[in-house]
Each structure stands twice: as structure tokens, then as C-alpha cells.
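Morning, everyone. Let me put the model on the screen, and then I'll walk you through it.

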Amino acid sequence: MTGPLVRLDSVTHAFAGTPVLEAVSLAISPGEFVGVVGPSGSGKSTLLKVLAGALVPVAGTVTRTGSTRIGYVPQVETVNWDFPVTVREVVTMARTAGRWLPWSSAAERAEVATVLDRLGLGGLGRRHIRELSGGQQQRVFVARALLRGASLLLLDEPTSGVDVRTRHDVLHLLDDLHRDGLSIVLTTHDLNGIAAHLPRLVCLNRQVVADGAPGDVITPAVLERTYGARMEVISHAGMPVVFEGSRDHHDAPKGGGGDVIDLRSAR
Amino acid sequence: MSWERALEPFAFEFFRNGMVVATLAGALCGLIGVYVVLRGMSYIGHGLSHSIFGGAVASSVFGINVLAGAAIWGFASALMISGITRRRAIGGDAAIGVITTAAFAIGVALISVRRSFTQNFDALLFGNVLGVERGDIVVIALVSAGAVAVVFFGYRQLLFTTFDPEVAETSGVRTARVDALFSLVLAMSIIATMRILGVTLIAAALVLPPVVARMLTSSFARMLLISTAVGAGCGFVGMYASFQLDVASGASIVLTGAAVFGVVYAVTGASARRRLGHTHV
């Protein structure tokens, strides 16, 4: 049996003495599609950065198998969209380590063109990143991760601040990549629109509150421990649907709801 | 103006030296300034030049070679700023303010204690391009060649680290080393150009060419080339205007850059201004 791509054992991380992650243990196996949910400040982004190796935890161990290549896709809100770079320049950044010439070789240019075509970005290589739609912008950073030969894709809130159509595009893309064999971990605030449709869900609030299939994890008790607020959960077409507060008070479902892709069937 | 009159200053060696040095200094600042501006550290040129001035004074007091002492002082300041910013303890602008003013204050304190100097620091403060000698040309040529080599061979590393340092680190780029190398190049560039432009004007030489280039392109590679060319052009034209108009050379070079900025700003229209609007100048 293949071991996990990344494994965290009792990982603790803190910023300026304030703990952000406490004794988190988690393993990501090949072929998994994992969602991480939790309130703002619960440590979701920090968890991804620890998995990616961008942060070294203050305690605990992080183990990656030798062959694991991680592609990290940052939150679009953190990207400097005014930076003077074209789509091709961003994607080619994947080929930075150990390269000492500024220009790309013919083989490199062909690889970039292939990955851009695969993600539906063919012909956009010379465009500035700001000139793309929200979904295309997200794809540029996924393309960079893929060009790196990532076996594990880490995405920090890939559908944050995007419209329904863009969210749909991004989720279709991730579904396709997962079907192609890529392991994926993403963070999200969208319980109904995304989290409930993933095969595995981790509820985080500095500690792992629950870890399992959405049907097992999305319960009023777990959500209250995760978010510190009472939420109602009903089952619809075999999937949990979360309501903030009580349905009697006509509260909206938590997250996008409705127009979704079922990602549970993949692999 | 007749051709004879126009070419007259080139008959003087001091002017030819000045033209070479001013053009090289402009190009060097234009090249390095791209990274300075895109890292949101436009104030670093101003701060580091003050810090290096403090180092030059301290070196003089302790009988150390002024250039070497200033270089070490400037590099150490740049490394400290980079280190503090990387840890995100405080923002880059605040780190520059704290480190460089402290380094400058040490120089001021030493001046007040010693009260007399064998060294004249006027050239460092205000720039004296007409006083440059062949040795100065060699120094700035070597520093320029070094900066070009670093930007050429470290092009990809510098780009990734400037654009997205966190992801660069996870992608196998040693961002701490890249930042340290950039700090060294920046400190050396400021030291090499300080005698030409002066402490007070060097920040403008680092910032104006990349800002002009940013208005003209959305490609990083083209921005590097345009900024270097604009910096060299401003150095050349500014130096020439300095002679013809009898204006201080540092001020003339910077005012030429400001004029280019004004023209490009007016001509390129709203889209270019929007690009510039979010650049951390």
C-alpha cells in the first residue's frame, strides 16, 4: 500500500506567540480530494502553508514522501495583479529552481504551451494576468503548479470572491485534474456549494475538530464546535445542507448552495 | 545652437568622464530600481543612501577605508531590512525607516563627537559628477557589470521571489539567498552612484525610470529593458543639460527623469495610469 504524500504529526504553529495550529495530525494520501473548512482565523491557510513547506511549524513533524511534488495555489486576493507579468511569465516561474538563463528553451516553451492549452488558456500567454477573467486567473496559477509536475495541489480558497460561473469553472477544472490522478487539498468557506460535495472534509478551528466524509462530519454538533455557532443541517438528495441559525427564521444556506458539481464520485 | 557649441563640452576630459559615469549610474539605478519599486520599497534608496553616509563617516572616524566601510555598513543595513521584512514583524517601509535612520544617526553622532574631519563628505551628500576620476569610472563599471550578471543569471529567481516569495520558497527557490544577493547589489549600486547623484537625490534615480517603464509595458522583461534605457538616457541628457544650463548635475539628472515621467504620463493615457495607480511607489 502507498503511504501518505504528506503527514502531519502533532503540528503546532504560532505567530508572535499566538497559536494558530495546535497539535494537528493529518495525512493526505495519493488520489485524495480533501476540503478544509473552518471560520476565519481557524488556521486553514496556515495549515496549507505547513503542508506546502512554506512555514516550518514550531512543534510537531511534517513528513513528505520523496516523490511528492507540491503545487501551491495562493488566494487570488493575495496576488499583486498590477505586477507587470504576462500569463506565460507566471506559468514559467514553475521552472525557476536551478535555471540560470533568463529565456526559455524551445522545449520549455512547448511545455508551457501544452499546459496552457490543457487548462483552456491557449492563446492567452502574452496577456497580462489582470486582463483575464476570474476563472482564467485561477487557472494560470493552477497551470504554474502543474508545470512544476505537482502530485499534490494545495489551493487556498480557490473560489473566494468569485461569481457562481467562475466557481463552477474552477470546480470543473479541479474535478478533471482529480480524475487525472492529482491529489488535491483546498480550503473553503462554502459548506454547501463545495465542502459537502467533496469526498473528505476536515473541520478545523486551530485543532482538527472532525475529519471524514461530509455526511459524517457536517453535523450540528461538529459545526458548533468548529464555528462556535448553532447551525441546522438537513439532508437533501443524500447530501447535508447547512442552515445558519434556524430554518424557521428563513436563514440562507451556509455558502453558495444550489448550482454545484458532485465531486464525490471522482476516483 | 551650433554643432560646435553643442559638442564643445566633449572636448573636456572631466565632462567625458562625467557623461560616462552619469549614463552608467542612470542605467544601473534604472535596472535595480525595477526590483526596488516592485517590492514596494521605493523609500529604500533614500534610506540606504543615508545609512551608507553614516557608514562612511564612521569609517573615517575609525580610520577604515571609507568606501569599504560604507559598503559593509550599507550591506548590513540592507540585510537587516530584508530580514525584518521577511519575518513580517513590521512592514518594509517601517523597517527601512528604523534601520536607515539609526545608521544615519550614528554618523551624525560621530560627527558631533569628532567635530573635525580630514575627509570632505560634501560630494556624498550632494553629488559631484564633474569631480569623478578614472577610478570612479572603473568602480561604477564593475558594479554595473556585477549587477547585470546578477540580474541575467538570477533573472528567474529574482522575478519569482519578487512576485510571489512564499510560493517561490515552496518551489525550491532559496528566497533568503536571493534577497541577500539583491541587498548586496542594491547597497553596492547606491555606493557606486552616491558620488554622482548625492545622498539626497539617489532615491529619485531608483524610482523614476521603473515607474516610467511600468507605464509603457505590462511585461516584466520589457520593463527591465525600458527602465535601464530610460535611466541611461536621463543620465546622459541630464548630465549634458547640467553643463549647458550650469545646474547641479544630480538635480539635472533627476529633473530630466521627472520630465520624462510627466510626458509619458500625459501621453500614455488612462490605461497606463491605471497600471501605475497600484504600483507601490
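Ground rules. This is a predicted model: local features need pLDDT of at least 70, side-chain atom pairs count only at pLDDT 80 or more, and totals for chains, interfaces and linings use all residues. Residues are numbered from 1 along each chain as its sequence is written, and chains are lettered from A and ligands numbered from 1 in the order in which they are written.

Start with chain A. It has an open sheet of six strands, in the order β5-β6-β7-β3-β8-β9, with mixed pairing. Strands here are DSSP runs of E, at least two residues; helices are runs of H or I, at least four; both are numbered from the N terminus. Two strands pair if DSSP finds at least two bridges between them. β5 (70-73) and β9 (207-212) of chain A each have a single partner strand, so one side of each lacks a neighbour in the sheet. The twist averages 15 degrees from one strand to the next.

β5(A) pairs with β6(A), residues 152-155, in the parallel sense, over four bridges. A:Ile70 stands opposite A:Leu152.

Helix α7(A), residues 220-227, lies across β8 and β9 of chain A, at about 150 degrees to β9(A). Axes are lines fitted to C-alpha atoms, for helices over the stretch in contact, and angles run from 0 to 180 degrees between N-to-C directions. Which residues of α7(A) are buried? A:Leu223, A:Thr226 and A:Tyr227. Buried means 20 or more other C-beta atoms within 10 Å of a residue's own, with C-beta atoms placed from the backbone. Just after α7(A), A:Gly228 takes a positive phi of about 70 degrees.

Next, the chain contact. 21 residues of chain A are in contact with 27 of chain B; contact means C-beta atoms, placed from the backbone, within 7 Å.

Last, chain B. In helix α8(B), residues 155-163, eight of the nine residues are buried. Among them are B:Arg156, B:Leu159 and B:Phe163. The cover on α8(B) includes α2, α7, α9, α10 and α12 of chain B.

Terms used. Contact = placed C-beta atoms within 7 Å. Buried ≥ 20, exposed ≤ 12 C-beta atoms within 10 Å, placed from the backbone.
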